[in-house]
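Q: I am new to this structure. Could you walk me through how to read its features, please?

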Amino acid sequence: YFDAELKKSISDADARKFYDQQVGSAKPQEEVHARHILVESEALAKELSEKVAKGGDFVALAKEHSKDPGSKDSGGDLGYFGRGQMVPGFEETAFKLAKGEVSPPVKSQFGWHIVKVEDRRQRGAPPFESIKDRLIASMIHRKAQEVASDLRGKAQLEYIDA
């Protein structure tokens with residue numbers, strides 16, 4: 001009964017209104033798609049940076065020299081990421097570069113990076129239809145918590161035997 005009544009109380013129109021207020025109005029966020037080569041020494045980073053500048057294959061150099069186990073085999077590919085997802089110096093460099101540009105060596109707590117930006121994009125809110133079911137489920141869950149809390153607040157307990 002509880003489940004059936006709550007499901008009826010949230011409509012597609014309610015979900016659309018919530019989406020428009022909370023999700024659809026969110027500002028698009030800039031993301032970059034980057035690759036990197038991570039090495040331990042500044043000297044090696046400079047050497048690799050020069051090779052790339054002279055037309056060296058960034059992907060091949062990353063596979064051969066990078067110390068990052070998560071991206072080495074994919075040629076240093078980190079995929080798309082937004083602000084706040086990478087270490088500060090690395091992230092700052094990546095967001096300053098234009099598409100296709102390669103950075104000079106950059107130091108972080110992990111070592112020395114050479115960063116190449118593959119692409120840039122604006123990530124907007126997901127379309128309503130793609131998240132409608134999750135929104136409705138979340139709204140039903142929230143409503144259930146409100147109803148249960150309200151019922152607990154109205155309940156009166158009488159202790160018969162201490």
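**The sheet and its helices**

A: An open sheet here has 4 strands in the order 2-1-4-3, with antiparallel pairing. Strands pair if DSSP finds at least two bridges between them; strands (E, at least two residues) and helices (H or I, at least four) are DSSP runs, numbered from the N terminus. This is a predicted model, where local features need pLDDT of at least 70, side-chain atom pairs count only at pLDDT 80 or more, and totals for chains, interfaces and linings use all residues. Residues are numbered from 1 along each chain as its sequence is written, and side-chain values use heavy atoms, leaving out hydrogens and water.

Q: Which strands stand at the edges?
A: Strand 2 (77-82) and strand 3 (106-108); each has a single partner strand, so one side of each is left without a neighbour in the sheet. Strand 3 pairs with strand 4 (residues 111-123) over 3 bridges in the antiparallel sense, and Val106 stands opposite His113 in strand 4.

Q: How are two packed helices described?
A: By the angle between their axes and the distance between the axes. Axes are lines fitted to C-alpha atoms, for helices over the stretch in contact, with angles from 0 to 180 degrees between N-to-C directions. Here, the axes of helix 3 and helix 4 (residues 58-65) come within 10 Å and cross at roughly 155 degrees. Helix 3 and helix 4 are therefore roughly antiparallel (angles over 145 degrees).

Q: Which residues of helix 3 and helix 4 meet?
A: Leu48, Lys51 and Val52 in helix 3 meet Phe58, Leu61 and His65 in helix 4, where contact means heavy atoms within 4.5 Å.

Note on methods. Parallel < 35°, antiparallel > 145°, perpendicular 65-115°, else oblique.
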